[in-house]
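Notebook open, structure loaded. I want to look up a pocket, then the sheet and the helices around it.

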Amino acid sequence: MQIRKLDTWQEWLESDRITSTAFLHKWDEKKAEEEYKAQAEGTKPRTELAWGLFNESGKMASTIVTMQNRMIFDGSEVNVADVHMVASLPEERGSGNIRSLMHAVLEDFRKRGDVFAVLHPFSFAFYRKFGFELASKSLEQKVPIDQFAGFRCGYSVKQVQSDEDTAILRRLYESFILDKNFAELREDKDWKYRGNGEFGEPNWWHGDRQSYTYIFTDSSGKPRAYLKFRFKEDPNVFMEGSMEVDEFVYDSPETFRNVLGFIYGMRAKVNSVSMELWDSIDLSTLIPECDKAERKLSGHQMGRVLDAEKVLRLMSYPADSGSCSIHIEDDFLPENTGTYAVKYENGKAVLVEKTDAAADLEVTEQTFCQLVLGIITPGEAVYREGTKINSNQEILERFFVRKTVCG
């Protein structure tokens, strides 16, 4: 068995074939070959890094395709490994190939300085074996549009129609995400105007649907929000349908309410609105009839810590001073296993080091990841297997607070 990075267009093509076979995707081999040849020649950019596991006969049996992203963690920009394709040929499964390949890939990410790894799972149980855990939840809320009748929009509104407009969107977005963990720092290509009111790369899931984006500006001329949505025809109601919000970025509660007023103005065509809000605002608390709000919660993204010591150094802390110790058990990346003594002052760590002393908190790596991201608190973590609070609970509750997590 051999594991290595893939560096020729022929190997990238074979990796793509394995992925399409494993996920039963329709695959255009000729188109893929042209794409990878262009990447190898440098006429098209290559942003992915592919790995392959080769069996004893030298045949590629499994592959992992990754990208490196920049994301927000407690107000800092960090390198995050995005694992977005993990595949084995059906006849090669059950032999531990993915476990061996995943270990090699995560070790390499850790060595190059990545702080977290993330992925969108086909199975949460499968990826928990490698230390991944739920890192963001998707709460879809659907509300009849008449429930927004009490809101009014007093802002100026214009549809996005140029690169100048998308530059405004970018500034709003980059300000909005500063306090949201795992929010992605997008690249220039993600803000390039494509025409017809659209920008960035086409949505893979909804490539056949037109998207609409509007900028909201207050009376002083300051941009305050943007709303990006698609329209979905209702097969049972002639000329009506639902607004499906893809992104809703705003700078204040006042702005939020103004945008809801704009949405209500779409009622001639729109009969309901679906949205996923990064700030987890419960729309049922804002509308006249709370039981009209439909809610659907689903797991969205998994993550894992690659370097526990680095995460503890980067994490934000209470504004005073104090200390505690945390024992982390990481079966898949044993370099993370150990007890860490942490001292902090004025919101930042001043000392993080391994110690032989007894730990105030004992957790698995999966629980540690959720704690530092702000998905759970210590009081909630004790219900998870492998969590134990031995002492210093008051400081631990101030260490690990709930935060907004994107995904």
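Before the pocket, a reminder to myself: a pocket here is an open set of grid points with protein on both sides within 12 Å along at least five of seven lines, and its volume is the space filled by probe spheres set on the points. I also note that this is a predicted model.

I looked up the second largest pocket and got a volume of about 330 Å³. It has 18 lining residues, and those closest to its centre are Ser88, Arg93, Ile98, Phe122 and Phe126. Which elements supply at least two residues each to the lining? I found α1 (9-23), β4 (76-88), α3 (97-111) and α4 (124-128). Sorted by class, the lining comes to 9 nonpolar, 5 polar and 4 charged residues.

The angle is about 140 degrees and the axes are 9 Å apart. The crossing of α1 past α2 is right-handed. On the α1 side I see Trp9, Trp12, Leu13 and Asp16; they meet a set in α2 that includes Glu29, Ala32, Tyr36 and Lys37. The classes in this contact are 6 nonpolar, 1 polar and 4 charged.

With β3, β4 pairs antiparallel over 12 bridges, and Met67 has Asp82 in β4 as its bridge partner. The hairpin of β3 and β4 has 2 residues between the strands, and Asp74 takes a positive phi near 50 degrees there. Parallel or antiparallel with β5? The two strands run parallel, joined by 3 bridges, with Val80 opposite Phe116 in β5.

Zooming out, I count 12 strands in an open, mixed sheet, ordered β1-β2-β3-β4-β5-β15-β6-β14-β13-β12-β11-β7. The edges are β1 (2-5) and β7 (156-159), each pairing on one side only. On average, neighbouring strands are turned by 30 degrees against each other, direction ignored. At the β7 edge, the partner is β11 (residues 211-217), antiparallel over 4 bridges; Val157 is bridged to Phe216.

Helix α6 (residues 253-264) lies across β7, β11, β12, β13 and β14, at about 35 degrees to β12. Helix α8 (residues 365-373) lies across β3, β5, β6 and β15, and runs at about 115 degrees to β15.

Methods: Residues numbered from 1 in each chain as written. Predicted model: local features only at pLDDT ≥ 70, side-chain atom pairs only at ≥ 80, totals over all residues. Heavy atoms only, no water. Pairing = 2+ DSSP bridges. Axes fitted to C-alpha atoms, helices over the stretch in contact; angles between N-to-C directions. Contact = heavy atoms within 4.5 Å. 1 Å grid on protein atoms, 1.4 Å probe; cavity = no way out; pocket = protein on both sides within 12 Å on 5 of 7 lines; lining within 4 Å. Nonpolar A, V, L, I, M, F, W, Y, C, P; charged D, E, K, R; others polar. Left-handed = near helix turned anticlockwise from the far one by under 90°.
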